Amino acid sequence: MPLRGTIVVDENLCKACELCVEACPQHVIGLNAEIITPRGFHPAHLIKDECTGCGICALVCPEAAITVYREKRGAQG
Amino acid sequence: MVALDIKDMEIVYRHPDSLVDISTHYCPGCTHGIAHRLVAEVIDEMGLAKRTIGVASVGCSAFSYNYFDFDFVQSPHGRAPAMATGVKRSRPDRIVFTYQGDGDMISIGAGEIIAAAGRGENITVIFLNNANYGMTGGQMAPTTLPGMKTTSSPNGRDVEQTGYPILASELLATQQGASYIARRSLHDPKNIRMAKKAIRLAFETQVRGLGFSMVELLSTCPTNWHMTPANATKWLEEKMLPYYPIGDYKVHPELSELKV
Ligand SMILES: Cc1ncc(C[n+]2csc(CCOP(=O)(O)OP(=O)(O)O)c2C)c(N)n1
Ligand code: SF4
Ligand code: SF4
Ligand code: SF4
C-alpha cells in the first residue's frame, strides 16, 4: 500500500487556476464551490481520500498555496 | 479508512521562507509565480537569503520586489543587468540576480544583456520568455512565434515584415564571458524540476565566481494568450518547445561535475 498523504491549501493564496487539478496523478483535487476566498475564488481542496503526498500539486502551483503532508515511513498500520 | 492527523505526518512541501506570505498581483495560473517559487526555494536551500539582492525589471514582474523576502532594487526598462553590475561591483560579497521578461531583456534591453554577458559579469539572470509583452496588453515581442496573433500582430506575426523570434539562450551562449546558459520550461512537473536544477546551477556559478549565468524559462501568459492556464501550458509545450528547444547552451567545466 502506498504511503498516504494530504494537502492543506492556503485560501488567501489560491487563485483557482486548476493547474494542480490537472497535474494530480490521483485525480483527488477539485475546486470548492462552497467557499469564496477573500480574492473571490473557489479554492482547491481534496475531493477524495487517495492522496499519496507525492507533492506534484505543490510543484505546479504558481501561488505556493499548497502544503503537502505524508505519512512517516513505517507508520502504516 | 483511518483519518490522518497532520501532526503525525512529515511535511513534503511548504511555502518557501524567501517568499512573502501574501497574494501576488499575477493572473491566475501565470507561471511567473512558479518562477518566483523556484528562485525562493533555491535561495533558501543555498542559505543565501541574508546576502542576496534582486533587481526587478519592467513588465508584469516589476513588482517582484514585493514578493521576495530579501533585498531588492527596481530598474528602468531593460536596464536590470546594468543596475546589477553596479550592485555586484560595489558589493562583491552579495549574490545579485535580475528577473526580466522577454520584452524587457531581449527587446529594449538587448544591448545591456549582451554587454553584461560579454563582460562576464558575475551576476545571475532569470529570464521569463512568455512570447509577448504581458503587462501592457499582449503586444508582439521579439520572442513572439511566427504566425502568432498578438494585439499588435492581429493577423499573426509576419516574418517577412518583422523577422524571426530571437533565440536569447543561443545568442548569449556565444559570449566568451558567459559561464552558464540554459533554457528550461515551466509547463509540467518534470520540466519544473529541471528548471529548478538549472536555477540552482546558475546561482552556483555566481557563488563560485565563475561569471555570467542566465536561465531562460519558457512561460505562459494565459490572460493575453486568451487561454485557460491548463490550455496555456499545452500550447507552450506544442508551439514554443519546437522553436525554443530546452537544453544547456553553455556550461563551465567546473559546473559539469557538480551534483545538485
Ligand atoms: C522606457 C519604457 N518603454 C516602454 C514601457 C512600456 N512597457 C511596460 S512593460 C513592457 C513590456 C513588458 O514585457 P515583458 O518584459 O515581456 O514582461 P511580461 O509583462 O510579459 O512579464 C513595456 C513595453 C516602459 N514602461 N518604459
Ligand atoms: S500530493 Fe500528489 S496525490 Fe496528493 S493532492 Fe497533491 S498531487 Fe494529488
Ligand atoms: S495550483 Fe495553486 S493556485 Fe492553482 S488551484 Fe491549485 S492550489 Fe489554487
Ligand atoms: S498578463 Fe500575462 S504575464 Fe502578466 S501576470 Fe497576467 S498572465 Fe502573467
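How many salt bridges does the structure hold over all chains? The count is 18. I will come back to a few of them. One reminder before we start: this is a predicted model.

Let's take ligand 1. Its surroundings comprise 16 residues. The closest are His32(B), Cys60(B), Gly103(B), Asp104(B) and Gly134(B). Which element gives the most to this shell? That is helix α3 of chain B, residues 102-108, with four residues. By class, the shell has nine polar residues, five nonpolar and two charged.

Now the polar contacts. Look at His32(B). One of its polar side-chain atoms sits 2.8 Å from an oxygen atom of ligand 1. The backbone takes part as well. Asn132(B) places a polar backbone atom 3.0 Å from a ligand 1 oxygen. For Gly134(B), a backbone N or O atom is 2.8 Å from an oxygen atom of ligand 1. How much of ligand 1 does the protein cover? On its own, ligand 1 has 590 Å² of accessible area, and the protein covers 72% of that.

Next, ligand 4. The residues around it include Tyr26(B), Cys27(B), Cys30(B), Cys221(B), Pro222(B), Thr223(B) and Asn224(B).

Is Gly29(B) buried or exposed? Its relative accessibility is 0%, so Gly29(B) counts as buried. Along the chain, Gly29(B) and Thr223(B) are 194 residues apart. Their C-alpha atoms are separated by 9.1 Å.

Back to the salt bridges. Start at Lys196(B). Its side chain meets that of Glu41(B) in a salt bridge, 3.0 Å from N to O. Where do the two partners sit? Lys196(B) is in helix α7 of chain B, residues 189-207, and Glu41(B) is in helix α1 of chain B, residues 32-45. The pair links distant parts of the chain, 155 residues apart. Are these two charged side chains on buried or exposed residues? Lys196(B) has a relative accessible area of 19%, so the residue falls under the 20% cut-off and is buried. Glu41(B), at 8%, also counts as buried.

Lys196(B) has another partner. With Glu45(B) it forms a salt bridge whose closest N and O atoms are 2.6 Å apart. Again α7 of chain B is linked to α1 of chain B, this time across 151 residues.

Then there is Glu216(B) with Arg183(B). Their closest N and O atoms are 3.2 Å apart in a salt bridge. Why does this pair tie together separate parts of the sequence? Because Glu216(B) lies in strand β7 of chain B, residues 212-218, while Arg183(B) lies in strand β6 of chain B, residues 178-185, and the two are 33 residues apart. Both Glu216(B) and Arg183(B) are buried. As for networks, Arg37(B), Glu41(B), Glu45(B) and Lys196(B) are joined into one by salt bridges that share partners.

A quick stop at Thr233(B), in helix α9 of chain B, residues 229-243. Its relative accessible area is 12%, so Thr233(B) is buried. What does its side chain reach? The backbone oxygen of Ala230(B), at 2.6 Å.

Last, a strand in chain A. Strand β4 of chain A covers residues 66-71, and five of its six residues are buried. Which strands pair with it? Strand β1 of chain A, residues 5-9, pairs with β4(A) in the antiparallel sense over five bridges. Within that pairing, Val8(A) has Thr67(A) as its bridge partner. Strand β1 of chain B, residues 9-13, also pairs with β4(A), antiparallel, over four bridges. There, Val68(A) has Tyr13(B) as its bridge partner. In a regular strand, side chains alternate between the two faces of the sheet.

Definitions and conventions. Residues numbered from 1 in each chain as written. Chains lettered and ligands numbered in written order. Predicted model: local features only at pLDDT ≥ 70, side-chain atom pairs only at ≥ 80, totals over all residues. Heavy atoms only, no water. Near = heavy atom within 4 Å. Polar contact = N/O pair within 3.5 Å; in protein donor to acceptor, adjacent residues only side chain to side chain. Areas by Shrake-Rupley, 256 points an atom, 1.4 Å probe, with all protein chains shown as cover. Nonpolar A, V, L, I, M, F, W, Y, C, P; charged D, E, K, R; others polar. Buried < 20%, exposed > 50% of the residue type's maximum accessible area, 1.4 Å probe, protein only. Pairing = 2+ DSSP bridges. Salt bridge = Lys/Arg side-chain N within 4 Å of Asp/Glu carboxyl O.
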